[in-house]
Amino acid sequence: MLFDKFKTMADFQAELAQREVTPFGAVTEQILSATEGVVEGHKVILAGTNNYLGLSYDPRCIAAAQAAAARWGTGTTGSRLANGSFAEHEALEREIAAFYGVDNAIVFSTGYSATMGMCSTLAGPGEVILLDADSHASIYAGVTLSGADIIRYKHNDPDDLAKRMRRLGDRANQALIIAEGIYSMLGDVAPLQEIAAVKREYGGYLLVDEAHSMGVLGATGRGAAQAAGVEADIDFTVGTFSKSLGSIGGYCVSPHAELEAIRFCIKAYIFTASSSPSVIASTREALRIIGAEPERRSRVWDNARRLYDGLKALGLPVGPTASPVVAVEMVDRSRTIDCWKALMEAGVYVNLVIPPASPSTNFLLRNSVSAAHSSEQIDTIISAYADLKEAGLFDPAEAA
Amino acid sequence: MTEYRAYLDFLYSTLESHNKKNLELTESTHLVADIGLSSLEVMEFIEKIEDHFDISIPLNILPDVNTIGELAKKVQELNP
């Protein structure tokens, strides 16, 4: 039967319904601020939104979107290659290129299509892609479509990457290496200095996905490569507008002039409608704001450290270092679901992550902090976790 | 070039620690359906092969590999 392979998922959904939890696709019924809303009937602190700089509800971004909708209409109704390139899209491409200090940029309709599109197009049959084992699903989807030989290197392990580049021999200098700035599930940062050094030794091209690090890392918020001081080694930077910039869409920027020709070869760019002008306008305003208000970056890191330190002090198994993504790793699926439900009832919305979306067989309570969170809100989140611990919902085996 | 038999022997010996059902391993033994390797165990097993022969096995050849014999042939092709 065509549908047999979906039975496991259907059974899991039935289990969740029977337990009266909706971790996947929970409906937000009201947004009260960048950090508060009503989700599935619960008034909650939003601690699982990737809204790192708190710009999703910024009045200046909202006004920019409203003005653009009034001027341009609600949608472009076409591809960037047909009727869907408005002056707004071109302006954003110039501005995101300038933000990164390069000459070439492509704006995509989603972050997924930016990453998947670039990874499916840059290398092809007979060529090689080396990707981090914990890469995002959009990267895996892209490289699978590419037809290139796909080789995984161990997560955040430059030595393993170097070993695999050495094994490629003469093919290494045409290989595409892929890494992420901040990994989305555990919040760990790629060792880009060491990865860039491997590229310098063996050749090849380096693509970095800064989806979760743009706006968060680097002196001007360009991401992990800027923070590591290796931007000169990056051939392609991809990212999203749906996190720090609070809207939706994606981008690729590059110092290579060939990006303009590559644009016309990316199916995920060509065969989809372009972003609504209102979305582009709010993104442009958000990009201006992150340049003008660097204090937002300081605040998100203050909140990240506060949450990380608080959860660690409770003895919970969090990652090795503080990051705007703070994940609590658990081994028991049922208990993780109970914790997620208890957090919702305590007024805290976080992400529940199950394999294979998590990078191991573990389950995650994934928290993401925002510059817009107050210290009191962070303390409320920590307190909700303390109550879970008090209630015996964390197994001692799961303690850090 | 290493003989096909040598690849098979290496795969047999490496799989022994995963052979919890004590199956008699042959070329036609299925890695997942018979031995029951999990996806994580498959990746660990592949890594052992890669390090032993100092090769990288592309992910995209794995969907065509089901049995020990098929894997031995692929590894031989990748290690000229």
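Helix α2 of chain A passes helix α11 of chain A in a right-handed crossing. A crossing is right-handed if the near helix is turned clockwise from the far one by less than a right angle, and left-handed if anticlockwise. Helices here are DSSP runs of H or I of at least four residues, strands are E runs of at least two, and both are numbered from the N terminus.

The model is predicted: local features need pLDDT of at least 70, side-chain atom pairs count only at pLDDT 80 or more, and totals for chains, interfaces and linings use all residues. Residues are numbered from 1 along each chain as its sequence is written, while chains are lettered from A and ligands numbered from 1 in the order in which they are written.

**Helices α2 and α11 of chain A**

α2(A) covers residues 59–72 and α11(A) covers residues 277–292. Their axes come within 7 Å and cross at roughly 145°. Axes are lines fitted to C-alpha atoms, for helices over the stretch in contact, with angles from 0 to 180 degrees between N-to-C directions.

From α2(A), the residues that meet α11(A) include A:Arg60, A:Cys61, A:Ala64 and A:Trp72. Among their partners in α11(A) are A:Pro277, A:Arg284, A:Glu285 and A:Ile289. Contact means that C-beta atoms, placed from the backbone, lie within 7 Å. By class, this contact has 12 nonpolar, two polar and three charged residues. Ala, Val, Leu, Ile, Met, Phe, Trp, Tyr, Cys and Pro count as nonpolar; Asp, Glu, Lys and Arg count as charged; the others, Gly among them, count as polar.

α4(A) spans residues 111–121. Of its 11 residues, 10 are buried, so the helix is largely enclosed by the rest of the structure. Buried means 20 or more other C-beta atoms within 10 Å of the residue's own; exposed means 12 or fewer, partly exposed lies in between, and C-beta atoms are placed from the backbone. The buried residues include A:Gly111, A:Tyr112, A:Met116 and A:Cys119.

The axes of α4(A) and α5(A), residues 137–146, come within 7 Å and cross at roughly 30°. The two helices are therefore roughly parallel to each other. Angles under 35 degrees count as roughly parallel, over 145 as roughly antiparallel, 65 to 115 as roughly perpendicular, and the rest as oblique. The crossing of α4(A) and α5(A) is right-handed. A:Tyr112, A:Met116 and A:Ser120 are among the α4(A) residues in this contact, and A:Ile139, A:Val143 and A:Leu145 are among those of α5(A). The contact divides into eight nonpolar, six polar and no charged residues.

**The two chains**

Chain A has 14 helices and 14 strands. Chain B has three helices and zero strands, in the order α-α-α along the sequence. The radius of gyration of chain B is 12 Å, close to the 12 Å that the globule rule gives, so chain B is as compact as a globular protein of its length. For chain A, a compact globule would have a radius of gyration near 21 Å, and its 21 Å agrees. The radius is taken over C-alpha atoms, and the rule is 2.2 Å times the number of residues to the power 0.38.

| Chain | Residues | Buried | C-alpha span |
|---|---|---|---|
| Chain A | 400 residues | 52% buried | about 60 × 55 × 50 Å |
| Chain B | 80 residues | 15% buried | about 35 × 25 × 20 Å |

The contact between the chains takes seven residues from chain B and seven residues from chain A. On the chain B side, these divide into four nonpolar, two polar and one charged.

Technical notes
Contact = placed C-beta atoms within 7 Å.
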